[in-house]
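Please keep the sequence and the 3D view open side by side as you read.

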Amino acid sequence: MFKTILGIETSCDETAAAILQKNGDKITILSNVIASSLELQSKWGGVVPEQAAREQLKSIIPVITEALQTAFPQLSPTSYLPSPPIDAIALTQGPGLIGSLLVGVETAKTLSLLWKKPLIPVNHLIGHFYANWITNQLTANSLQPTAKHNAVAVSGGPTKGRSAVSNPSFPCLGLLVSGGHTDLVLFENHGKYTYLGGTRDDAAGECFDKCARLMGLPYPGGPQVSKHAQKGNPHAYPLPKPMLGSDDLDFSFSGLKTAVSTLVGNLTNHQTTQLTTTQLADLCASLQETICQVLIKKTLKAAKLHNVSQIIVAGGVAANQKLKEKLDLAVSSERLAVSLFVPPASLCTDNAAMIAAAAFFQKPINSPLDLQANPNLSLNS
Ligand code: KG4
Ligand code: ZN
């Protein structure tokens, strides 16, 4: 329906804006800008909601301006600022931190009124999956990081062979693995899906983050654990795999955190000493291995149960190289006729390109000014 969409994402500690274009089945990124307060947040070992919201306020206008400048370099600001050549504005409505969400929602409503553009609210969790619909024509280096406004312009670039593969088709199974969510969803069409199962306690990303903290690693923990795991033995420390064999498609990760806490306590003589480099590497590798095994087992179980030929993976934890490799291996070793879609790492973690991509398959709302941020939006409500 729309050809060019501006996406805005402000659910947590990233302020992001992106402009995407749809030509037939091809969705391409014209610009993708992210300003992150991660460095600030990592000082506190996690996201401080109040501080994240303040950073959102500082960054939102510079980030949107930079997304417009990058997408339309031939136009002068005096022409695109009063009326940019976009057809609609997409934004994250929720879930997320209310203070952060409000900044994006209210900015998008104001711009929609000012520019007379339709408004498309997107569920952040659904948005993550749509990173798999982006046929990015830019290479990873074609947009350089810029120091301006502390924003980083990123471009995904297709995963190996991705450009040759068509978009995911329906029905397909979705695995969302992010900081706050671990969900399995059966997509029957755009906007038509069934929730199959999810975590009963901590999310996979949350488990990475909490265990990393217990091991003395900074936030966010996922990339840190995966870095240290490279030199470790994944079978050094057997860790519990709760609900691995349960009949449902649910997950539980909170027991892992307790097990890692006990192990770290024993290994460090209850904090009188630090973990050695080898212990840290082995523990990270064992943790990563355990999380991957649980995610893969339930995902393949769901794929077989619902007889799908495609699996789409999404969310920050999908950036984990081991998870991708092991899932790929599991699919081929079980001889499943399943194609696997995983977005490039830069489109797995929070970004606005995925929000704009999802919006191409949604309808705009009738009364933009009535739109409210919803911090509790989910996939099963
Ligand atoms: O999707 P996301 O950016 O934000 C949410 O919507 O939650 O996901 C963030 C999560 C964090 O828990 C982070 O530790 C995890 O994704 N993450 C990773 C990796 N990169 C990010 N986990 C494992 N391996 C990674 N390479
Ligand atoms: Zn997210």
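## Around Trp 115

Not counting residues up to four places away in sequence, Trp 115 touches Leu 6, Leu 68, Leu 81, Pro 82, Ser 83, Pro 84, Ile 86 and Ile 89; contact here means heavy atoms within 4.5 Å. Trp 115 is found in helix H4, where helices (H or I, at least four residues) and strands (E, at least two) are DSSP runs numbered from the N terminus. With a relative accessible area of 8%, Trp 115 is buried; buried means under 20% relative accessible area, exposed over 50% and partly exposed in between, using a 1.4 Å probe and protein chains only. From C-alpha to C-alpha, Trp 115 and Asn 269 are 62 Å apart in space and 154 residues apart in sequence.

A word on the ground rules: this is a predicted model, in which local features need pLDDT of at least 70 and side-chain atom pairs count only at pLDDT 80 or more, while totals for chains, interfaces and linings use all residues. Residues are numbered from 1 along each chain as its sequence is written, chains are lettered from A and ligands numbered from 1 in the order in which they are written, and side-chain values use heavy atoms, leaving out hydrogens and water.

The predictor's confidence in each residue is pLDDT, from 0 to 100. The chain averages 89, and 90% of the residues score at least 70. Take care with residues 137-164, where pLDDT stays under 50; the model has 61 contacts beyond four places in sequence for them.

## Helix H4

The 18 residues of H4 (residues 98-115) should span 26 Å at 1.5 Å a residue, and the end C-alpha atoms are 25 Å apart, which agrees. That expected span is 1.5 Å times one less than the number of residues. Among the buried residues of H4 are Leu 101, Val 103, Val 105, Leu 111 and Trp 115. What do the buried residues of H4 pack against? Their partners are strand E1 (4-9), helix H2 (49-71), strand E4 (88-94) and strand E5 (119-123). After H4 comes Lys 116, whose phi is positive, near 55 degrees.

## Ser 178 and Ala 314

Ser 178 sits in the loop between strand E7 (172-177) and strand E8 (182-189), and Ala 314 is in strand E10 (residues 310-314). Although 136 residues apart along the chain, their C-alpha atoms are separated by 7.7 Å. Ser 178 counts as buried at 8% relative accessibility, and Ala 314 is buried at 0%. Leaving aside neighbours within four places in sequence, the contacts of Ser 178 include Ala 203, Glu 206 and Gly 316, while those of Ala 314 include His 128, Phe 129 and Leu 175.

## Cysteines

A search of the whole structure finds 0 disulfides, a disulfide being a pair of cysteine sulfur atoms within 2.5 Å. Two cysteines show the distances involved.

## The largest pocket

The largest pocket has a volume of about 1,200 Å³. Its lining has 42 residues, of which Glu 14, Gly 179, Tyr 219, Thr 349 and Asp 350 lie nearest its centre. On a 1 Å grid over the protein atoms alone, a pocket is an open set of points where a 1.4 Å probe fits, with protein on both sides within 12 Å along at least five of seven lines, and lining residues have an atom within 4 Å of a point. Grid points are joined across faces, edges and corners, and the volume is the space filled by probe spheres set on the points. Helix H6 (204-214) is one of the elements that supply at least two lining residues, and H6 gives the most, with 4 residues.
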